[in-house]
Structures are given as structure tokens and as C-alpha cells.
Amino acid sequence: MDNRVPPRAVGPGPRRRDRHGRGMRGPIAPPQVPLAASRAEAFADLVQDSVERLGRRWPQLADIDFQVLEVPKLQGQPGDVWSDEAVPLGRTVAAHDGHRARVVVYRRPVEIRTKGRDERAALVHEVVVEQVAELLGLTPETVDPRYGED
């Protein structure tokens, strides 16, 4: 009796089953639930919620682009290092040369400074309010009367 196992044919197509024979893994959660969203998508949703909240009071925000970046870029020459200044949480870019004004929120510095979703949402809103106030030349309290309240 021959106990040898014939070699498995390796084809160009995708694997149909995993090595335990239970099938390929699928998504953990359906796409409709918050668990399915990535951290970057959830953060962008927090920024969008904050913009919509402010947009009811300030219709001129429709003329401003809001952007989320992972981290701030180091300005200067290659090999430069961060100074003793704090890492920025956001910044503004004024309108110029036909480009619209922009508010940029940096995701990783905000996430590092917060522990939970509620705390993160509050900090994102503060950053958006501060940057909009700077862009409009107003105080943050004018942009959002609840600014600074817990």
C-alpha cells in the first residue's frame, strides 16, 4: 500500500479554503456598523460632524476645504529635527492663487492626546473651532459660544 500523499496542484487562482478547512475569513462586521470603519474614517467623520455643527451658524464655511492628514510635515531642510515646540494639532492655509482656504486637522497628534471617542470628538471640535476662528479673524468663543466648556 502506498502512503504517499500526492502534491497539491498550485494554480494561479485564489485559495478557496484556509489550512483548517473552514473557508476564507470574511469581514468581522457588516459595513453598516461603526466597527467596520477604520480609525482614519472614524476620525474624518468626527471632523465632518464638527464642521456641520459649525456650518449651521457660519454659512461661509462652505467656501473652506477641511482636510485630515496623518501628521504634520516637518518644514525646512532634510535632516531637520523637531524643535521644543509642541506638535500642532491643526493649521490653516489662507486662500491664494485661485485655491480655496483650507483647515487641516492632524489625526495622529489628536489621537495620542485622547483616550476615548468622546474625548477625541471634543478635542477635534476644539481644533476645528480654533482653526476656523483663526481663518475668519475671530475669537474661538465667537465661532462657538460653548468653546472651552466641558
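Buried means under 20% relative accessible area, exposed means over 50%, and partly exposed lies in between (1.4 Å probe, protein chains only). Keep those cut-offs at hand for this tour.

This is a predicted model: local features need pLDDT of at least 70, side-chain atom pairs count only at pLDDT 80 or more, and totals for chains, interfaces and linings use all residues. Residues are numbered from 1 along each chain as its sequence is written, and side-chain values use heavy atoms, with hydrogens and water left out.

**Stop 1: helix H1**

Select residues 39–55, which form helix H1. Helices (H or I, at least four residues) and strands (E, at least two) are DSSP runs, numbered from the N terminus. The expected span of a helix is 1.5 Å times one less than its number of residues. For the 17 residues of H1 that should give 24 Å, and the end C-alpha atoms are 24 Å apart, which agrees.

Now show side chains. Which residues of H1 are buried? They are Phe 43, Leu 46, Val 47, Ser 50, Val 51 and Leu 54. These residues cover an arc of only 130° around the axis, which puts them on the same side of H1. The arc is that of the directions from the helix axis to the C-beta atoms.

**Stop 2: Asp 65 and Arg 100**

Go to strand E1 and pick Asp 65. Asp 65 is partly exposed, at 31% relative accessible area. Its side chain meets that of Arg 100 in a salt bridge, 3.0 Å from N to O. A salt bridge here is a side-chain nitrogen of Lys or Arg within 4 Å of a carboxyl oxygen of Asp or Glu. Arg 100 sits in the loop between E2 and E3, so the pair ties together parts that are 35 residues apart in sequence. Arg 100 is partly exposed too, with a relative accessible area of 41%. The structure holds five salt bridges.

**Stop 3: Leu 69**

Stay in strand E1 and select Leu 69. At 31% relative accessibility, Leu 69 counts as partly exposed. Leaving aside neighbours within four places in sequence, Leu 69 is in contact (heavy atoms within 4.5 Å) with Val 104, Val 105, Tyr 106 and Arg 107. Check Val 104: its C-alpha is 6.9 Å from that of Leu 69, across 35 residues of sequence.

**Stop 4: the Arg 107 network**

Select Glu 70, Arg 107, Arg 108 and Glu 111, which are linked in a network of salt bridges. Start with Glu 70 and Arg 107, whose side chains meet at 2.7 Å, N to O. Glu 70 lies in the loop between E1 and E2 and Arg 107 in helix H2, so this pair ties together parts that are 37 residues apart in sequence.

Is Arg 107 buried or exposed? Arg 107 counts as buried, at 9% relative accessibility. Glu 70 is partly exposed, at 39%.

Next, pick Glu 111. Its salt bridge with Arg 107 has the closest N and O atoms 2.9 Å apart. Both residues lie in helix H2, four residues apart, about one turn of the helix. Glu 111 is buried, with a relative accessible area of 9%.

**Stop 5: Thr 92**

Finish in strand E2 (residues 90–93), at Thr 92. A polar contact of 3.2 Å joins the side chains of Thr 92 and Glu 134. A polar contact is a pair of N or O atoms within 3.5 Å; within protein, one must be able to donate a hydrogen and the other to accept it, and residues adjacent in sequence count only if both atoms are side-chain atoms. Beyond four places in sequence, the contacts of Thr 92 include Arg 102, Val 103, Gln 131 and Leu 135.
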